[in-house]
Amino acid sequence: MSNHVYKTLELTGSSPAGIEEAVSAAIAKAHESVRNMQWFEVVETRGHIRDGKVAHWQVTLKVGFTLE
């Protein structure tokens, strides 16, 4: 196994459908411009309440990618 050096960036994804969709949306968007993403960590989850129900999710992630 070779040695890796990672850089991290912080992303916040959002979705009215759920936490997993918010995470997937953030990673998919970052994939358009960031190469070599390897892992993610959920660091914060929050949501918006409307009429006594969850209306929207926001999930903040740290994403690690290897440097070239």
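This is a predicted model: local features need pLDDT of at least 70, side-chain atom pairs count only at pLDDT 80 or more; totals for chains, interfaces and linings use all residues.

1. Leaving aside residues up to four places away in sequence, Asn36 touches Gly64, Phe65, Thr66 and Glu68. Asn36 itself sits in the loop that runs between α1 (19-31) and β2 (37-50), and because its relative accessibility is 31%, it counts as partly exposed.

2. One of the residues that Asn36 touches, Glu68, also takes part in a polar contact of 3.2 Å between its side chain and that of Asn36. By way of contrast in sequence and space, Val23 is 13 residues from Asn36 along the chain, and the two C-alpha atoms are 17 Å apart.

3. Glu68 also forms a salt bridge with Arg35, the N to O distance between the two side chains being 2.8 Å. Arg35 belongs to the loop between α1 and β2 and Glu68 to the segment after β3 (53-66), so this pair ties together parts that are 33 residues apart in sequence. Arg35 and Glu68 are both exposed. Glu68 therefore has side-chain links to Asn36, through the polar contact, and to Arg35, through the salt bridge.

4. How many salt bridges are there in the count? The total comes to three. Side chains of opposite charge can pair when their charged atoms come close. Besides the pair already described, the side chains of Lys29 and Glu32 meet in a salt bridge at 3.2 Å, N to O; Glu32 is exposed, with a relative accessible area of 60%, and Lys29 also counts as exposed, at 54%.

5. A further salt bridge joins the side chains of Glu44 and Arg46, with an N to O distance of 2.9 Å. Here Glu44 is partly exposed, its relative accessible area being 40%, and Arg46 is likewise partly exposed, with a value of 30%.

6. Beyond residues up to four places away in sequence, Ser15 touches Glu21, Ala22, His56 and Trp57.

Note on methods
Residues are numbered from 1 along each chain as its sequence is written. Side-chain values use heavy atoms; hydrogens and water are left out. Helices (H or I, at least four residues) and strands (E, at least two) are DSSP runs, numbered from the N terminus. Buried means under 20% relative accessible area, exposed over 50%, partly exposed in between (1.4 Å probe, protein chains only). Contact means heavy atoms within 4.5 Å. A polar contact is a pair of N or O atoms within 3.5 Å; within protein, one must be able to donate a hydrogen and the other to accept it, and residues adjacent in sequence count only if both atoms are side-chain atoms. A salt bridge is a side-chain nitrogen of Lys or Arg within 4 Å of a carboxyl oxygen of Asp or Glu.
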